[in-house]
Amino acid sequence: MTDEEQGLNGSDFYVGSLSSAERSKIKAYYNFDMIASTNGGYFINHVNSTAAQPMKAYWDSLNLQPEENTEGAGRSDDYSFEQAGIPTSGYAMGASARKTSAQAAKWGGTASRAYDPCYHQSCDTTGNINATGLNRSVDGIAYTLWKLAVTNSTPANDFSLATSPATGSVEPGASATGTVSTATTSGSAQTVQLSATGAPVGVTVSFNPASVTSGGSSAMTVATTPATAPGTYPLTITGTGSVTHTTTYTLTVRGTGGCTAQQLLTNGGFESGTTPWTGDTGTIGAHAGQSAHGGSRFAWLGGYGSSATDTLSQSVTVPAGCAKATLTYWLHIDTDESDRVAYDTFQVKVGSTTLTALSNTDAASGYTQRTLDLSRYVGQRITLTFTATEDASLQTSFVIDDVTLQTG
Ligand SMILES: [Ca+2]
Ligand SMILES: [Ca+2]
């Protein structure tokens, strides 16, 4: 479209040139105007309409709590299509209107300041871009196009896979047992070959029978040896037919000295919703723009490019009688800061005690495994907290996954 700034002339002309048959072929028109505003918010045109549904669903998945785009209503090329009875929607991050304090509390940024302080001004250069917002918008646009343009296809024949129980706890040398059950979820039954990965050296996992017809079940035996080290081991159980599915079985090998060697945190891989984490649990998810260390979900603290603090906490009791407790987590830090100055910080705390302080100066590609000795907390109930604090500009993301607290 051209000539939008003088009154939607291009889009008016184009829509006016379409026959009613041609108009009816347009499923929806999407407007993407102002999607990288530096002090922006998350706005959707006709946010509760059918056309907006995939756009809203994507931003809802990032817990962005989008609002109606009232500032942009009737102002851009989508309005010409809307006037002709064509469904319209779109993303916007705001122009010259000012952010409310409620929006600043929800999205970060500065209240009482324009969403884009450089709107229609000479400072509106490629340096005036909110990369985080742009990324979230573009990913939502791709998601919307996929949902509208690509037919959902499910395999003709499919099955599900589950392990019962999903956990087992044994002393070294003993065997844990369970049942792997399958069900046909679409089409015809199929042969499913069972296998397992992730067991520590010397531990064998066997299935009787080794393959089942979907709908059937198999007895699983996880045999440890006297030399198996105490610890918690997530095993991946795989069913391979015309498609492949996996499920997780968690093996705990107990110590024999009065301390049960075990992993204490729940949902440390962030794969099972947000419980029991507390704080800014909207940071947990399969967010676009970062990757999980394991599975598909992770916690993304920070990354706003504006003053903000994110925290995530979990409380556990470290059992008495254990000699040690070790916190392990995987952390990825990326930043738009270039100075070797700690502007954006990350802390690991137990209670109010800070045990680790990192910052944008520790940024690196990929995840780094970090460990902390929490043995001093044996016998205590503790609250573990990750805190990310950003200053007013230039994002730093602290991405956490696969957090464990292992006793021994
Ligand atoms: Ca994960
Ligand atoms: Ca910063």
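How are α3 and α6 oriented relative to each other? Keep that question in mind as we walk through this predicted model.

Let's start with the overall layout. The protein chain falls into three parts: domain 1 covers residues 9-149, domain 2 covers 158-253, and domain 3 covers 278-407. If you take the C-alpha centres of domain 2 and domain 3, you will find them 32 Å apart.

Now for the two helices. Helix α3 spans residues 53-61 and helix α6 spans residues 131-149. Their axes come within 9 Å and cross at roughly 135 degrees. An angle over 145 degrees would count as roughly antiparallel, and 65 to 115 degrees as roughly perpendicular; α3 and α6 are therefore oblique to each other. Their crossing is right-handed.

Which residues bring these helices into contact? On the α3 side, look for P54, M55, A57, Y58 and W59. They meet R136, S137, D139, G140, I141, Y143, T144 and K147 in α6.

Next, turn to the strands. An open sheet is built from 4 strands in the order β5-β7-β11-β9, with antiparallel pairing. At its edges are β5 (158-164) and β9 (204-208), each pairing on one side only. Going from one strand to the next, the twist averages 25 degrees.

Finally, zoom in on one pair within the sheet. Strand β7 (residues 175-186) and strand β11 (residues 217-223) run antiparallel and are joined by 7 bridges. To see the pairing for yourself, find S175, which stands opposite A223 in β11.

Technical notes: Residues are numbered from 1 along each chain as its sequence is written. Chains are lettered from A and ligands numbered from 1 in the order in which they are written. This is a predicted model: local features need pLDDT of at least 70, side-chain atom pairs count only at pLDDT 80 or more; totals for chains, interfaces and linings use all residues. Side-chain values use heavy atoms; hydrogens and water are left out. Domain bounds come from an automatic or database domain assignment. Axes are lines fitted to C-alpha atoms, for helices over the stretch in contact, and angles run from 0 to 180 degrees between N-to-C directions. Angles under 35 degrees count as roughly parallel, over 145 as roughly antiparallel, 65 to 115 as roughly perpendicular and the rest as oblique. A crossing is left-handed if the near helix is turned anticlockwise from the far one by less than a right angle, and right-handed if clockwise. Contact means heavy atoms within 4.5 Å. Two strands pair if DSSP finds at least two bridges between them.
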